[in-house]
Amino acid sequence: MARVDIGTIANVAAPRMLLFFVTFILYFSLIGLTERSTIESTILKCLPIVSLWIFVLLTGFKLKKSHRYKHLILIGLIFSCSGDILLNYDLFEAGMAGFGVAQIFYISAFGFHPVKPWFALPLYGLGATAVGFMFDNLPLVIKICLPIYGILLLTMCWRSLARIDSAKNILRMTCGVGSILFMISDSIIAIDKFYTPIRNAQVAIMVTYYVAQFGIALSVIEQSGPAKTAKSSSSKQSQNDGVENGIEP
């Protein structure tokens, strides 16, 4: 995949991400006026993620094998939305399953090359330590589900970070940061629910979660036409410069 410069990212993402920013602000402005487990709160909660579906579809989405990365990210966002709905109706185990499937699709999108195991070891170590602290407080079903989900979440984070080949690759850096924020968001949920209450937990959970999904969704630009357009424009400019300097293309 070709790298995309910051200018191209801004030109492509800004207009298409406008709906996400509007729904993000809308959620935090109005969610306090609704009650949990209602249609209104569910719609508000899902709107930012649905806006990311639209963003992916607007970045040259095609049903071709070459767009497999976009397909997988979109499916991951769809299952994330199912998890949001289930959690909003206090169906915690089912919601965890929805997010677990989302992580599987994100992992499939990121792939396993290059391996970079040095990212995996500290992540799995932290995950095992966190589950160990909470384990005695977990209901029986969660004692089985949480470690499984934790492995999927940490693997998603590992694979996202492993894709970063340079600090200049803004999209992969943003995706990597997004994966870390996803891990932080879910960690706050687990700690607040099963270990000790966290002040303003819901705000922290949703801010990190939405920004995480934003970072992951933004990475589809790397597989979009605008990158080729930018490359073509650069080539055309070089030809024009050559003509101005008396050099025939």
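The questions below concern a predicted model.

Student: Why is D90 called exposed?
Tutor: D90 has a relative accessible area of 52%. Exposed means over 50%, so D90 is exposed.

Student: Where is D90 found, and what is noted about its phi?
Tutor: D90 is in the loop between helix 3 (68–88) and helix 4. Its phi is near 60°, a positive value in a residue other than glycine.

Student: Which residue forms a salt bridge with D90, and how do you know that the pair qualifies?
Tutor: The partner is R36, and the closest N and O atoms are 2.9 Å apart. The cut-off for a salt bridge is within 4 Å, between a side-chain nitrogen of Lys or Arg and a carboxyl oxygen of Asp or Glu, so D90 and R36 count as a salt bridge.

Student: What makes this pair a tie between separate parts of the chain?
Tutor: D90 lies in the loop between helix 3 and helix 4, and R36 in the loop between helix 1 and helix 2, so the pair ties together parts that are 54 residues apart in sequence.

Student: Is R36 buried, exposed or partly exposed, and why?
Tutor: The relative accessibility of R36 is 44%. Buried means under 20% and exposed over 50%, so R36 counts as partly exposed.

Student: What about S37?
Tutor: At 29% relative accessibility, S37 also falls between those cut-offs and therefore counts as partly exposed. S37 is in the loop between helix 1 (6–30) and helix 2 (39–58), and its phi is near 65°, again a positive value in a residue other than glycine.

Student: How many salt bridges does a search of the whole structure find?
Tutor: Four. One of them joins E222 and R163, with the closest N and O atoms 3.5 Å apart. E222 is in the loop between helix 8 and helix 9 (225–244) and R163 in the loop between helix 6 and helix 7, 59 residues apart. Both E222 and R163 are buried.

Student: How do you know that R172 and D165 form a salt bridge?
Tutor: The N to O distance between their side chains is 4.0 Å, to be set against the cut-off of within 4 Å. The pair is therefore listed as a salt bridge.

Student: Which residues are linked in a network of salt bridges?
Tutor: R163, D165, R172 and E222.

Student: What lines the largest pocket?
Tutor: The lining has 44 residues, of which L146, D186, S187, I189 and A190 lie nearest the centre of the pocket. Helix 7 gives the most, with twelve residues. The lining divides into 30 nonpolar, seven polar and seven charged residues.

Student: What is the volume of the largest pocket?
Tutor: About 920 Å³.

Student: What kind of peptide bond joins H113 and P114, and where is P114?
Tutor: The bond is cis, with omega about -5°. P114 lies in the loop between helix 4 (92–110) and helix 5 (117–134).

Key:
Residues are numbered from 1 along each chain as its sequence is written. This is a predicted model: local features need pLDDT of at least 70, side-chain atom pairs count only at pLDDT 80 or more; totals for chains, interfaces and linings use all residues. Side-chain values use heavy atoms; hydrogens and water are left out. Helices (H or I, at least four residues) and strands (E, at least two) are DSSP runs, numbered from the N terminus. Buried means under 20% relative accessible area, exposed over 50%, partly exposed in between (1.4 Å probe, protein chains only). On a 1 Å grid over the protein atoms alone, a cavity is a set of points where a 1.4 Å probe fits but cannot get out, and a pocket is an open set with protein on both sides within 12 Å along at least five of seven lines; lining residues have an atom within 4 Å of a point. Grid points are joined across faces, edges and corners, and a volume is the space filled by probe spheres set on the points. Ala, Val, Leu, Ile, Met, Phe, Trp, Tyr, Cys and Pro count as nonpolar, Asp, Glu, Lys and Arg as charged, and the others, Gly among them, as polar.
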